[in-house]
Amino acid sequence: MLTVETRHAIHPSHARDMWTEELREHFLAQGMFREGEIRLVYTHYDRFVMGGAVPGSGRLTLDVVEETKTPSFLDRREMGIVNIGEPGTVEAGGETYEMGRGDVLYLGMGSGAVSFSGAGRFYITSCPAHKAYPSKLVTLADCKEVTMGAPETSNKRTIKQFIHPQVMESCQLILGYTSLEEGSVWNTIPSHIHDRRMEAYLYWGMDEESRVLHLMGEPDETRHLFVANEEGVVSPSWSIHSGAGIGKYTFIWAMAGDNVDYTDMDFIQPKDLR
Ligand SMILES: O=C(O)C(=O)C[C@H](O)C(=O)CO
Ligand SMILES: [Zn+2]
């Protein structure tokens, strides 16, 4: 079963006037992971798509998605898949990929139908592509790690880069995930924006009762969302995307836009946040 929800792009001056439920309706993605289903959120931010596939005891295939009006979803798109569950299998382009928890699969434009099976919980990201780069399984052992922050500022964290120019080539998609060190709670501090790229977060590895206080909005008009495990946040190019967790968490970040330069960020110091 395939479900696709569309999210239109919101102007920052509109977001300023939103109350809590409206902010959640436009920027929070809930219920993406349901057994036996593929559930996608098709955004109008760089036409980025995020979603989940949980095959359970069956097999799920992602092929035609009406929203793209192409014969197959990946005809003019690339895809990044992260397995946030137990080991599972993805088949695409005549290849079979065995994915452990935390492994990332890149599928190039024209890969055709994508099938999911096994005990995996597959987080799906996709954006338009202009060239068919080779598909590639990037395991945890193959990613590039960058350590940032410090325990004194409660933001010591490891950024694992998978779909990233230093690891492999892609058209627009950049993807990886960040984990906090014991005792640290803050991600992405100092905050930043990048008007050249949108970004989407998926928070995972959290206890049922935990929540992340996700900060969004223009730097001088911040808003927040309380986010639970396996929920996503769409971050427009004008919005900061930082958070603090009540309990442990990891988050997958993925971006699409004009460049694939992870370091292209405009930082905002805490004193300038409002
Ligand atoms: O902890 C961080 O800092 C991040 O993970 C930052 C994100 O990767 C990001 O926002 C990249 O633009
Ligand atoms: Zn960012």
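What share of the contacts in the chain with a separation of 6 or more comes from residues 24 or more positions apart? I looked this up before anything else, bearing in mind that the model is predicted, and found that such residues account for 72% of those contacts.

**Overall build.** I went through the secondary structure and noted 2 helices and 24 strands in the chain. The radius of gyration came out at 17 Å, close to the 19 Å that the globule rule gives for 274 residues, so I recorded the chain as being as compact as a globular protein of that length. I also noted that the C-alpha trace spans about 55 × 40 × 35 Å along its principal axes, and that 45% of the 274 residues count as buried.

**Strand E9.** I then turned to strand E9, residues 104-107, and found both of its faces covered, with Val104 and Tyr106 buried on one side and Leu105 and Leu107 buried on the other. Looking for its partners, I found that strand E6 (residues 77-83) pairs with E9 in the antiparallel sense over 4 bridges, and that Gly80 stands opposite Tyr106. Strand E12 (residues 136-138) also pairs with E9 in the antiparallel sense, over 3 bridges, and there I identified Val138 as the bridge partner of Val104.

**Annotated positions.** In the UniProt record, an unreviewed entry, I found the feature "binding site" placed at His192, His194, Glu199 and His241. These positions span 50 residues in sequence, yet no two of their C-alpha atoms are more than 11.4 Å apart, so I could note that they gather at one spot.

Not counting residues up to four places away in sequence, His192 touches Ile240, Met265, Asp266, Phe267 and Ile268. His194 sits in the loop between E17 and strand E18 (197-204), and with 21 C-beta neighbours inside 10 Å it counts as buried. Leaving aside neighbours within four places in sequence, I found His194 in contact with Ser237, Asp264, Met265 and Asp266.

**Ligand 1.** Last, I listed the residues around ligand 1, which are Met148, Arg157, Ile159, Thr178, Asn187, Thr188, Glu199, His241, Trp253 and Met265. Sorting this shell by class, I noted 4 nonpolar, 4 polar and 2 charged residues. Glu199 and His241 are among the residues around the ligand, and the UniProt record includes both under "binding site".

How values were computed
Residues numbered from 1 in each chain as written. Chains lettered and ligands numbered in written order. Predicted model: local features only at pLDDT ≥ 70, side-chain atom pairs only at ≥ 80, totals over all residues. Near = placed C-beta within 6 Å. Nonpolar A, V, L, I, M, F, W, Y, C, P; charged D, E, K, R; others polar. Rg over C-alpha atoms; globule rule 2.2 N^0.38 Å. Buried ≥ 20, exposed ≤ 12 C-beta atoms within 10 Å, placed from the backbone. Contact = placed C-beta atoms within 7 Å. UniProt positions renumbered as here; feature names shortened; annotations may be inferred. Pairing = 2+ DSSP bridges.
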